[in-house]
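I opened this model to look up its helices, their packing and the contact between the chains. My entries follow in the order in which I looked.

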Amino acid sequence: MRDAELAALAQAGDREAFGELVKRYTAGARRVARAVLGNPEDADDAAQDGFLAALRHLGRYDPNRPFGPWLLRIVANAATDRMRRRRVRAAEVIPVTMATGEPGPDQEADRSTLHEALRQALATLPERQRMAVVLFDVEGYTHGEIAEVLGIPVGTVRSHVFHGRRSLRGALAPWKDWKEDAP
Amino acid sequence: MSGPSPFDHRPDPELGALLRQALDQGGEDAFLDRVMAAAGGVEAGVPAAWQVLGLWARHGVAAALVGLAAATIWWASASNRNEAEPSLEEVFLASAETVAPPFLTATTAPASFDQVLASSLEP
């Protein structure tokens, strides 16, 4: 069933339809929220806020347009709001490190190190650059769709993607050299 | 991270895959359950009360601003009108003082040539 049909059903009170929409977009929404917030718990809170806000505002969704960008715009706004509130109240330093799991075999540890390096590099980017790169390279949205999500001109999206990618590649280059030199 | 240029208009699969792995946190089923549980108290298509109040407040502020602007314009034009249009009494008084000296208007007989000449020469 198409997203627009599910949205119409969800608006009419069909919770299964809403559940199906959440299932379809959970991964992307959580990734975008995590790209903004860093912290996985905050990211989940923001993604949940976004889904619930979308449910409340389903009447404003235009079924002739793709559902994903509409939803992700709400999620991105929820994440940005949460980030702003966190900045306001944060006397504490926002951790950019997110240790996950237990130490495993070498290969697993290497991958974990790479992910950690990437998350740290991502955290140094301006918020919009982060979202633009994630939406483009991870979620596969077009520049036009990302412009709709972020509410900025397409040219600005291209610029954000360019600068974001360049920063991330620069940050990961030494790490990759080290990997290639390793026996 | 060699490979495509940052200018490339296509998604970078290598960077995308790395980012995806770095940002994925698992536990999707638990998250779905959590969202659905929270959605139980939400009515679809109905904004939260504070959002409705926020919208009303926005409209209220806009209406108040429009009202204030209209009142300001009305007040400004009313004061200009008052300044531009003196009362009838003011017109009579002003014209009586400047155009016709009292001795010319108080008498019933026509003024003589000497009186008119004298009034016009008075400072």
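I looked up which residues of α1(A) are buried, and found Leu6(A), Ala7(A) and Ala10(A). Viewed down the axis of α1(A), these buried residues stay within an arc of 100°, so they line one face of the helix. I then checked what comes after α1(A): Gly13(A) follows, with a positive phi near 105°. I note here that the model is predicted.

I listed the secondary structure of chain A and got 8 helices and 0 strands. Read from the N terminus, the order is α-α-α-α-α-α-α-α. Of the 183 residues in chain A, 41% are buried. I also looked up contacts in chain A between residues at least 6 apart in sequence; 68% of them join residues at least 24 apart.

I picked α6(A), residues 127-138, and α7(A), residues 143-150. Their axes come within 10 Å and cross at roughly 140°. The cut-off for roughly antiparallel is over 145 degrees, and α6(A) and α7(A) are therefore oblique to each other. The crossing of α6(A) past α7(A) is right-handed. From α6(A), the residues in this contact are Arg128(A), Met131(A), Ala132(A), Leu135(A) and Phe136(A). They meet Ile146(A), Val149(A) and Leu150(A) of α7(A). By class I have 7 nonpolar residues, no polar ones and 1 charged residue in the contact of α6(A) with α7(A).

I found 6 helices and 0 strands in chain B. The order from the N terminus is α-α-α-α-α-α. Chain B has 123 residues, of which 8% count as buried.

How many residues of chain A are in contact with chain B? I found 41 residues of chain A in contact with 29 residues of chain B. On the side of chain A that touches chain B, the elements giving two or more residues are α1 (3-11), α2 (15-37), α3 (40-56), α5 (106-124), α6 and α8 (154-181). The largest share of that side comes from α2(A), with 11 residues. By class, the side of chain A that touches chain B has 19 nonpolar, 9 polar and 13 charged residues.

I next took α2(A) with α2(B), the latter being residues 28-39 of chain B. Their axes are 10 Å apart, and the helices pack at an angle of about 130°. That angle makes α2(A) oblique to α2(B). I noted the crossing of α2(A) and α2(B) as right-handed. Which residues of α2(A) meet α2(B)? I wrote down Arg15(A), Phe18(A), Gly19(A), Val22(A), Lys23(A), Thr26(A), Ala27(A) and Arg30(A). The contact of α2(A) with α2(B) divides into 8 nonpolar, 2 polar and 4 charged residues.

I have two helix pairs on record: α6(A) with α7(A), at roughly 140°, and α2(A) with α2(B), at about 130°. The crossing is right-handed for α6(A) and α7(A), and right-handed for α2(A) and α2(B).

Conventions
Residues numbered from 1 in each chain as written. Chains lettered and ligands numbered in written order. Predicted model: local features only at pLDDT ≥ 70, side-chain atom pairs only at ≥ 80, totals over all residues. Helix = DSSP H or I, 4+ residues; strand = E, 2+ residues; numbered from the N terminus. Buried ≥ 20, exposed ≤ 12 C-beta atoms within 10 Å, placed from the backbone. Contact = placed C-beta atoms within 7 Å. Axes fitted to C-alpha atoms, helices over the stretch in contact; angles between N-to-C directions. Parallel < 35°, antiparallel > 145°, perpendicular 65-115°, else oblique. Left-handed = near helix turned anticlockwise from the far one by under 90°. Nonpolar A, V, L, I, M, F, W, Y, C, P; charged D, E, K, R; others polar. Arc of directions from axis to C-beta.
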